[in-house]
Structure formats: C-alpha cells, structure tokens
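Subject: Structure handover

Hello,

Here is the structure for you to look over. My notes follow below it.

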Amino acid sequence: MFTGFAPPTPVSMSTPVSTDLTQARLKRQQDILLPGGGCYIQDLAVVSPDMLLVSNLSKRCVQLLDCLQGKVVSEVQLQKQPWRMCLTDRNSAAVNVGDKKIQMIKVKDKTLTKGRELTMSDDVYGLTSSGNSLVVAYQSRPWLAVISLDGKVLHQFDKSGKSQHFNDPRFMCTTPGGSMFISDYGTDTITKVDARLNILQTFTSPLLQEPYGITAVTEDQILVCSYRNDSLVLLQPSTNTMSKLLGEDDGIKYPYSLTYCPDQKKVYVAPPVCTATIKVYQMS
C-alpha cells in the first residue's frame, strides 16, 4: 500500500518556475515510498513527468514507478544485481548488470521488456548516454569508453596516460548540450569531458566529500550528491564554483543517487540504505 505522497500543486502559467537554482528554491515534498518494503536503490531515471525507472539492487530488477499512484506498474527481473542506469531515449534504457554486462530495456505503454544484452571487456560501474552511444566508466581500471548500442568501442582513454586522472569514477551524467560530468569517489572531484572523452575541466571543493549521484539541470547547473557531507551540492562550471543547495535540515542524509525531471522541475534523491524511500524536491 502506498503512503506518504501528495499530488503536486499545479503551477500557474502566469508565474513560470525558474530553472536557475541560484534564484529558485527547492521545496521538500512528501516522500515516495516504494511498495513492498525496503530495497537498495542504485539509480533513478525519469521516463515521463510522473514515471521513474528505479534500479533495485535488493530485488535484482528494474522497476517502473508511477509516482502519482505510488505503485510499481512494471518490472523486469535480471540475472544479477543492477547498478547504474541511463536513458538512451524516451523509450529505452541501459543498466549495467553484475560485472561485465549491460542490459538494454524497452519502455512502452507502461511496460518494461528486455532488449539486447552487451558484454563488456571489463567491470562497468559508471554509465551515461551520449547521442546514440553509451559512455561507460570501468571500475577495476578507472578509464572511460564510448561504445555503440551494439557494443562496439568508438572512443576511449589512453589506458596508460589520461586514465590516471580517475581513481574511482562512480556516477556520470550528460547535459542537454552533450557534455558529460563524472563524479569520482576516490579523488573527491567532478570531471567534465566532451563526447570524445577529452578532459575539459576538473572541479573540487571542501563541500564535495565522497561524491556519488550526479545530474544536470541545465548546461551550467549540475547537482551532485555529497555523501559524506549529507548534502546536495550545486556545481556551476562557468564560474568554477560549488554551493550547498540542500542539507540535513532538508531531509538529506547520505544521498546516493538522484535525477531531475525538467517537465515538472523536480529533483528525486535516494539514499543507499534499505529504506525504499525517494525524497522529492520541487523548484519554486
């Protein structure tokens, strides 16, 4: 049974919500509680304004969650535990499963089905999409690769050179303009790369301690989970600045994964612990 969520208050068309997080305020909404008890949420992705994909490690599945009704409307069982996840388009997603597998998933008519399975050369950890390709961060050897949707390697770091820039890349996101940002748990840094994996900028701050989940609101507004600081940090690449956006007083505790819904101007945040709770914040 679903508890703890209220339908969103309609936003007046005469007072549009700003997407500038330096001006707007994130107001906490009621939590979404996944039916069926505790789970280990590894990643989140927005499919439509009221639909979330959830990577559920505990139950070894990917679930399609109806946020308004508070129920799982579809799920696909996986052979191993799912980790990172990204959309390749509005009707398709990719999730890395186990060690060296990426499972493609189709989303149609509120139903999830399995698609192609890709076998990687190494253990995949970070995952995002770029155009018609996937970008992966490998765990055992911290380097990046761009691969086609059928598994062909298109670009990659020189393993003996630039890959030393990374220590433990965990999460990745892609901006509307195609730049990618990688959170590195081992170095407490965020790195910006282009579609060919050229390093553009590296960011660090005392606010950033053990960064995990990362998502793009705009090209110049990147939200990062600062796990050890119990906070969400706003990175603005153009000014090379970071600021604390939300903290413990806002319900943030050990933030692990997050995603942003541009249609409803909402941020969804999940902790790593077995709570089945997704925090919801509305821009105002």
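This is a predicted model: local features need pLDDT of at least 70, side-chain atom pairs count only at pLDDT 80 or more; totals for chains, interfaces and linings use all residues.

Residues are numbered from 1 along each chain as its sequence is written, and side-chain values use heavy atoms, with hydrogens and water left out.

**Confidence.** Mean pLDDT (the predictor's confidence in each residue, from 0 to 100) is 86 for the protein. Of its residues, 88% reach 70 or more. Residues 1–17 fall below 50. Beyond near neighbours in sequence, that stretch has 23 contacts in the model (heavy atoms within 4.5 Å).

**Fold.** The protein has 25 strands and 0 helices. Both are DSSP runs numbered from the N terminus: helices are H or I with at least four residues, strands are E with at least two. Of the 284 residues, 54% are buried. Buried means under 20% relative accessible area, exposed over 50%, and partly exposed in between (1.4 Å probe, protein chains only). Take contacts between residues at least 6 apart in sequence: 47% of them join residues at least 24 apart.

**Cores.** A nonpolar core is a set of buried Ala, Val, Leu, Ile, Met, Phe, Trp, Tyr and Cys residues joined through side-chain atoms within 4.5 Å. The largest has 32 residues. Phe181, Ile190, Ile214, Ile222, Leu232 and Val267 have the most contacts inside it. Strands that each supply at least two of its residues include β15 (169–174), β19 (211–218) and β25 (277–283). A second, separate core has 25 residues, among them Met120, Tyr138, Met180 and Val193.

**Asp230.** This residue sits in the loop between β20 (221–226) and β21 (231–236). Asp230 counts as buried because its relative accessibility is 7%. A polar atom of its side chain lies 2.9 Å from the backbone nitrogen of Tyr254. Beyond neighbours within four places in sequence, Asp230 also contacts Leu246, Gly247 and Ile252, among others.

**Cysteines.** There are 0 disulfides (pairs of cysteine sulfur atoms within 2.5 Å) in the structure. Cys67 is buried, at 3% relative accessibility. Cys86 is buried too, at 7%.

Best wishes

Note on methods:
A polar contact is a pair of N or O atoms within 3.5 Å; within protein, one must be able to donate a hydrogen and the other to accept it, and residues adjacent in sequence count only if both atoms are side-chain atoms.
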